[in-house]
Amino acid sequence: MKKIGIIGLGLIGASILKKLAKNEKYELFCYSNSSFKKALKYTKNASNDINIVKSCDIVFVCCEVSKTLAILKKLDKILPKKTIVTDVASIKSKLLNKEFNYNFILSHPMAGSEKSGFEASSASLFKDCKWLIEKENKLLKEIILELEAKPLKINMKEHDKMCAQISHLPTILAFLLFDVAKDNSKQIASSGFRDMTRLAITNSDLALSMFNLNQKNILKAFDELTKKLNRLKKMSDDEKIILFKELASKRAKMYDNNGKNIFKI
């Protein structure tokens, strides 16, 4: 039986817990200052003492992005060399090339919700989602597959730039789009505005971390968006129609009927 540690019981950590709790191959150990008592429904090994994970074979660090590095340093003092530790942070710039006593592997599940916290978590959160990993590891890959996600090895040096384009900039824009609309416009808004601004109810601490910690890449992505808008203004109507049709066709093929990303380069 493999021992799995989970640090942090928000959306990601609690979803890992709920999915693996009934799997007899694993024994789960959870640490959280605020939600550890909620985890006792799924495992008897839950505490507000981080030492509870010290005997684990693998530890998932699922705390807030801004606290991840501090937690990794704490774990460095209590975990043996053989332990695998992976983070799930959406920003990697502060974690690149960090060395610890244990076997540290950068990773990031491309799954989430505008909602947050233990109550928002779900055992099916990771189903068919890509889980980015820095390098191959048998145990980590096994657990990712048990979570029904799809491991995908990428260059983590490119991670923050990629996430700025497909996650962080869209989140910031959702807030700003909501703010741009006047109240008399909001009262007639329908599904288009609802869907475009869904990310505007993202946890404010997470949005702040995104903007502060990945601001350089977010602004680069915004500059590219501005260039494309300026280019659009200069196009003829025929050119605009061709562009809109081309982009609509590509977007239509990007997700399957269940909303899962099936895009391939």
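A: K186 lies over the face of F178, at 4.5 Å from the ring centre; a charge counts as sitting over a ring if NZ of Lys or CZ of Arg is within 6 Å of the ring centre and within 35 degrees of the ring normal. The model is predicted: local features need pLDDT of at least 70 and side-chain atom pairs count only at pLDDT 80 or more, while totals for chains, interfaces and linings use all residues. Residues are numbered from 1 along each chain as its sequence is written, and side-chain values use heavy atoms, with hydrogens and water left out.

Rings of Phe, Tyr and Trp (for Trp, the six-membered ring) pair if their centres lie within 6.5 Å; planes under 30 degrees apart are stacked, over 60 edge-to-face, and the rest tilted. By this rule there are six aromatic pairs. In one of them, the ring centres of F60 and W131 are 6.1 Å apart and the planes stand at 75 degrees, so the pair is edge-to-face. Because F60 belongs to strand β4 (residues 58-61) and W131 to strand β8 (residues 130-133), this pair ties together parts 71 residues apart in sequence. Strands are DSSP runs of E with at least two residues, helices runs of H or I with at least four, both numbered from the N terminus. F60 is buried, with a relative accessible area of 0%, and W131 is buried, also with 0%. Here buried means under 20% relative accessible area, exposed over 50%, and partly exposed in between (1.4 Å probe, protein chains only). F100 and F104 form an edge-to-face pair, 5.4 Å centre to centre with 90 degrees between the planes, and both residues are buried. F60, F126 and W131 form one aromatic cluster.

S90, in the loop between β5 (84-87) and β6 (103-105), is buried at 12% relative accessible area. Residues up to four places away in sequence aside, S90 touches V65, H108, H159, D160, C163 and H168, contact meaning heavy atoms within 4.5 Å.

D160 and H168 are also among the α5 residues that, with K161, A164, Q165, L169 and L173, meet N217, I218, A221, F222 and L225 in α9. The residues of this contact divide into seven nonpolar, three polar and two charged, where Ala, Val, Leu, Ile, Met, Phe, Trp, Tyr, Cys and Pro count as nonpolar, Asp, Glu, Lys and Arg as charged, and the others, Gly among them, as polar.
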